[in-house]
Amino acid sequence: RSSYSFCTLLPKIFYLASPPTPLSTHLYTETQQQMKLTALQATGVATGLLGLLWFLRSSKGSRKNTDSSRREKLGVRVVCISDTHGRHRTLDVPDGDVLVHGGDYTHFGKETDAVDFNEWLGSLPHKVKIVVEGNHEAHAPWARKADSILSNATYLKGSTTQCHLPGKPPLKISGSAFYWPLSAVSPHNPYVYPPDVHIIVTHGPPKGKNDSGTGCPLSLQAIEAADPYLVVSGHIHSHAGVTTDAGITYVNAAMCEGGYTIKREPIVIDL
C-alpha cells in the first residue's frame with residue numbers, strides 16, 4: 001500500500017513542481033517565435049537583395065568600363081602638356097584639335113610667366129585650348145584673375161565646358177581646382193564631374209595612375225564614377241607617361257624632369 005501511495009503521489013508532485021503551461025501561453029509563445037523567425041527571414045532577404053543590387057551595379061559599371069567597343073570614335077586629337085614652369089617656349093608642340101595643359105605653367109607663380117604663357121598660347125593653331133591651375137598657381141597673388149590673364153584659353157577651375165569642333169561631336173571637358181591628395185575617408189569630395197564628360201583635367205594625378213604612389217583616392221573615385229575617355233594630369237615629374245585602365249586613358253603630361261628642365265615631348269592622344 002505504501003509503495004502504491006508513493007507511486008500514485010509521484011505524478012502529483014511533478015505536476016505541482018512543473019504545472020502544464022496553459023494552451024493560450026503555448027499559442028502566444030509559438031506565435032511570437034514565428035514572428036521572430038519571419039522577421040529574421042525578412043531581414044535576411046532584404047540584406048541579400050541589397051547585396052545583389054550592389055553586385056549588379058558594380059558589375060554593370062565594371063562591364064561598362066572594360067568594354068572598349070562602347071567608346072564612340074570622336075575623331076579628336078588631343079595634345080597633352082603639363083608642368084612647363086615658364087619654359088613653354090622651348091616646346092615643339094604638334095598640331096591637334098585640342099591642347100590641354102595640366103597646370104604649373106609658371107615657375108613659383110610668377111605673373112610674368114602667366115602673361116607670356118598666354119601670349120604663347122595665342123600663337124598656337126589648336127582650335128580648343130584648355131588650362132587648369134597647378135600648385136604653383138593656386139595661391140599666387142593673381143590667382144583670382146587667372147582666367148582673365150589666360151584670355152587665349154579656356155581656364156577651368158572646378159568647371160566644365162562643351163566644345164564644338166567642325167565635323168566632330170560635341171566634346172565635354174571638365175577641369176578641377178588644385179587640391180593636395182585627400183584621404184579616402186574625407187566627408188567632402190571636391191571632385192565633381194558630369195557623367196557624360198569626355199576629358200577630365202586635374203593637376204594632381206589620381207591614386208595609382210602615374211602618381212608615384214602619392215595620388216588622390218577621392219580624385220580616382222570621382223573619375224571612375226564619371227567614366228571619361230581621357231584624364232590629363234601632371235605634378236609628379238618623375239612619373240610622366242600613359243596608362244590605360246578600365247577603358248580610361250590616364251596621362252601624366254609633365255614636361256619637366258629632374259627639377260624644372262623640360263626634357264619630354266608633348267603626348268598625343270586620339271579619341
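Two strands count as paired if DSSP finds at least two bridges between them, and the strands themselves (E, at least two residues), like the helices (H or I, at least four), are DSSP runs numbered from the N terminus. The views below show a predicted model, in which local features need pLDDT of at least 70 and side-chain atom pairs count only at pLDDT 80 or more, while totals for chains, interfaces and linings use all residues. Residues are numbered from 1 along each chain as its sequence is written, and side-chain values use heavy atoms, with hydrogens and water left out.

**View 1. The whole chain, to get your bearings.** The protein chain holds 6 helices and 11 strands. Of its 271 residues, 44% are buried, where buried means under 20% relative accessible area, exposed over 50% and partly exposed in between (1.4 Å probe, protein chains only). A contact here means heavy atoms within 4.5 Å. Among contacts with a separation of 6 or more, 63% link residues 24 or more positions apart.

**View 2. The five-stranded sheet.** In this open sheet, 5 strands follow the order E4-E3-E2-E1-E11, with mixed pairing. Strand E4 (154-155) and strand E11 (267-270) are the edge strands, each with a single partner strand, so one side of each has no neighbour in the sheet. E2 and E3 run parallel and are joined by 4 bridges; Leu99 has Lys129 in E3 as its bridge partner. E3 and E4 are parallel too, with 2 bridges, and here Val131 stands opposite Tyr155 in E4.

View 3. The chain reaches E3 from E2 through H3, a right-handed β-α-β crossover. Right-handed means that, with the strands pointing away from the viewer, the path from the first strand over the helix to the second runs clockwise.

View 4. How far apart are the end C-alpha atoms of helix H3 (residues 111-122)? They are 17 Å apart, which agrees with the 16 Å that its 12 residues should span at 1.5 Å a residue; the expected span is 1.5 Å times one less than the number of residues. The buried residues of H3 are Asp113, Ala114, Phe117, Asn118, Trp120 and Leu121. They cover an arc of only 160° around the axis, so they sit on the same side of H3; the arc is that of the directions from the helix axis to the C-beta atoms. Their cover includes strand E1 (77-81), strand E2 (98-101), strand E3 (128-131) and helix H5 (146-149).

**View 5. His101 and its surroundings.** His101 belongs to strand E2 and counts as buried because its relative accessibility is 1%. Leaving aside residues up to four places away in sequence, His101 touches Ile81, Ser82, Asp83, Thr84, Phe117, Ile130, Val131, Val132 and Val201. Thr202 is 101 residues away along the chain, yet the C-alpha atoms of His101 and Thr202 are separated by 9.5 Å.

**View 6. The six-stranded sheet.** This open sheet of 6 strands has mixed pairing and the order E5-E6-E7-E8-E10-E9. Strand E5 (159-163) and strand E9 (241-245) stand at the edges, each with a single partner strand, so one side of each lacks a neighbour in the sheet. Strand E6 (residues 171-175) and strand E7 (residues 199-201) pair in the parallel sense over 3 bridges, with Ile199 in E7 the bridge partner of Ile173.
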